[in-house]
Amino acid sequence: NVYGLPCVVAINRFPTDTDAEIDFINSTKARLLLEPAIAKEAAKNATPEDIAALKAGLYNFTVQAVPSDIDIYYQKSEVGAAAIAIQPKGGEEGVEVVKTWDFSAADWQEQFASLGASNTDITDWNLTYDDLTFISTAKSKYNTTFIQAGGKGSAEDRVFKFTAPSQGTLKVWASNTGNNEDLTRLVAVQVGDDVQTQPGGYASGDGAVELEFSVAAGDVLVYPSGNGLRFYKMEFTYTSAGSAVEYDWDFSAADWQEQFAALGALNTDITDWNLTYDGLTFVSTAKSKYNTTFIQAGGKGSAEDRVFKFTAPGQGTLKVWASNTGNNEDLTRLVAVQVGDDVQTQPGGYATGDGAVELEFSVAAGEVLIYPSGNGLRFYHIYYTNK
């Protein structure tokens, strides 16, 4: 107390310090006339059990440094934002990610103000912020709640751009530029050569209208078609790919042959297939059989019967090796691959004497169904990867 000021001695506590050591310091404080403030580590270490209890997802939280009650030098820090993505072991599924661009938010308004005044036409927009770009060399302006594209846009001008890492859902909140309704003014969403449109020219007095689009992975362009529109907010939701996975089901392998043998004899029709092994299910209540290299679906399949099933954690590539059930060629026999309502087919009825033919499909995330369409086929090998 040389200068007439209170003196505080802070003793930093480290994770390796034992409770006995801390008790010793506290026991001597009366003799030393000290009041130690023990600063414990700010971060809490999560145990494996803590992490295991969390479901896969994106967790947002805030962080702030808070000094001790008796600290006379430091103040609370500003509140910061952080996020942690929890993925299941092995990359078996991805994490849902939501990207939101709200043009009424203070950070967006700051970006707009750097380009010019509110409610004033600006002709040199080339703004990229938070992974979203807006380009307008023709007049466009902003307000406290929206960006107004002052006229018809295109893939090159008066256009928003972002990259979708995988297939997802895009929501756009829009309205006409005035209080009249003009439904020839459309919101256009373009990925590659695919262009979707929905009416967006609802009267601004009725508030923004929410429009929803399903978009593929790639560069996404959003612009007004017909005439100008106000854009208030955009939100893109997708499932991240998680860790890269590979599923390789080779029916000639010894482990698969053991599974088949448990159901019945080789080259014998079996009518009660309901086999799940290594993430792949085969269901057949109609006659189907196996050999040392294949499963033979004895007739036409469907989404319910004579069908293989597995879950794809993300968009990926599926390969199927198949042939006809005999040595003649019949290309009306198809390999059908179904995810939801989307069904793809390719000829699979090539002569068995020529060996299995490799067929490749691009599949979306979800439950994948594989079955013979037309008539029976032999399936030798199925492979999937989301790499």
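What share of the 387 residues in the protein chain do buried residues make up? Buried residues make up 37% of them, where buried means under 20% relative accessible area, exposed means over 50%, and partly exposed lies in between (1.4 Å probe, protein chains only). The model is predicted, so local features need pLDDT of at least 70 and side-chain atom pairs count only at pLDDT 80 or more, while totals for chains, interfaces and linings use all residues. Residues are numbered from 1 along each chain as its sequence is written, and side-chain values use heavy atoms, with hydrogens and water left out.

View 1. Helices (H or I, at least four residues) and strands (E, at least two) are DSSP runs, numbered from the N terminus. The accessible surface of the chain comes to about 20900 Å², of which 48% belongs to carbon and sulfur atoms; such areas come from the Shrake-Rupley method with a 1.4 Å probe, and for residues only the protein chains shown count as cover. Among the contacts (heavy atoms within 4.5 Å) with a separation of 6 or more, 68% are accounted for by residues 24 or more positions apart.

**View 2. Helix H4, residues 106-113, with its buried and exposed residues.** Trp108, Gln109 and Phe112 of H4 are buried. These three residues lie on the same side of H4 because they cover an arc of only 100° around the axis, the arc being that of the directions from the helix axis to the C-beta atoms. On the other side of H4, Ala106 and Glu110 are exposed. What covers the buried residues of H4 includes strand E5 (96-102), strand E6 (125-129), strand E7 (132-136), strand E8 (140-142) and strand E9 (147-149). H4 lies across E6 and E7 and runs at about 150° to E6, where axes are lines fitted to C-alpha atoms, for helices over the stretch in contact, and angles run from 0 to 180 degrees between N-to-C directions.

**View 3. An open sheet of six strands that includes E6 and E7.** The strands follow the order E6-E7-E10-E15-E12-E13, with antiparallel pairing; two strands pair if DSSP finds at least two bridges between them. E6 and strand E13 (194-199) stand at the edges, each with a single partner strand, so one side of each is left without a neighbour in the sheet. From one strand to the next, the twist averages 20°. Within this sheet, strand E10 (residues 159-164) and strand E15 (residues 218-225) pair in the antiparallel sense over five bridges, and the bridge partner of Thr163 in E15 is Asp219.

**View 4. Thr133 in strand E7.** Thr133 counts as buried, at 15% relative accessibility. The side chain of Thr133 makes a polar contact with the side chain of Thr128 (2.7 Å); a polar contact is a pair of N or O atoms within 3.5 Å, and within protein one must be able to donate a hydrogen and the other to accept it, while residues adjacent in sequence count only if both atoms are side-chain atoms. Leaving aside its neighbours within four places in sequence, Thr133 is in contact with Asn126, Leu127, Thr128, Val159, Phe160 and Lys161.

**View 5. Strand E16, residues 229-239, and strands that pair with it.** E16 is mostly covered, since eight of its 11 residues are buried. E5 and E16 pair in the antiparallel sense over seven bridges, and in E16 the bridge partner of Val98 is Thr237. Three bridges join E9 to E16, and these two strands also run antiparallel; here Gln148 has Arg230 of E16 as its bridge partner. Eight bridges join strand E11 (residues 168-175) to E16, again running antiparallel, and Ala174 stands opposite Phe231 in E16.

**View 6. Trp173 in strand E11.** Trp173 is buried, with a relative accessible area of 15%. Leaving aside its neighbours within four places in sequence, Trp173 is in contact with residues including Ala208, Val209, Glu210, Arg230, Phe231 and Tyr232. The C-alpha atoms of Trp173 and Glu212, which are 39 residues apart along the chain, are separated by 8.9 Å.
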